[in-house]
Amino acid sequence: MIDQVFIETEESKRTGLYDEILQEIHDQAVYLPISYTSTIAVYHEGISDVEFAPIPYEFQLEKVKKNAPDA
C-alpha cells in the first residue's frame, strides 16, 4: 500500500490508501506501558553517604565512607 500511495495521482484514492495504511498501523500497534519499576539499592550498614545520581545505577563513589566498627 505504501508503494501504491506514492504513485497514485487521484486524490480520493490516495486518501483511501492513507486511511488503510493508518488503520493497519493502528491494528498492529504494540502495547507500551507508561510506568516503570523503581530502582532498588541494597548496601551494607558499614558504609554511609551513598547518594544516587538522577541516572539510575550511578552514584559518586568518592563520597562513600566506611563506618568505624562498633566497639
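This is a predicted model: local features need pLDDT of at least 70, side-chain atom pairs count only at pLDDT 80 or more; totals for chains, interfaces and linings use all residues.
Local features rest on pLDDT of at least 70 and side-chain atom pairs on pLDDT 80 or more, while totals for chains, interfaces and linings use all residues. Residues are numbered from 1 along each chain as its sequence is written, and side-chain values use heavy atoms, with hydrogens and water left out.

The model contains 2 salt bridges, each defined as a side-chain nitrogen of Lys or Arg within 4 Å of a carboxyl oxygen of Asp or Glu. In one of them, arginine 14 pairs with glutamate 11 at 2.5 Å between the closest N and O atoms. Both residues belong to helix α2 (residues 11–27) and sit 3 residues apart, about one turn of the helix; helices are DSSP runs of H or I with at least four residues, strands are E runs of at least two, and both are numbered from the N terminus.

Aspartate 49 and lysine 65 also form a salt bridge (3.2 Å, N to O). Aspartate 49 lies in the loop between β1 and β2 and lysine 65 in strand β2, so this pair ties together parts 16 residues apart in sequence.

The loop between β1 (47–48) and β2 (65–66) also holds glutamate 51. With 47% relative accessibility, glutamate 51 is partly exposed, a class between buried (under 20% relative accessible area) and exposed (over 50%), using a 1.4 Å probe and protein chains only. Beyond its neighbours within four places in sequence, glutamate 51 contacts Phe59, Gln60 and Lys63 (heavy atoms within 4.5 Å).
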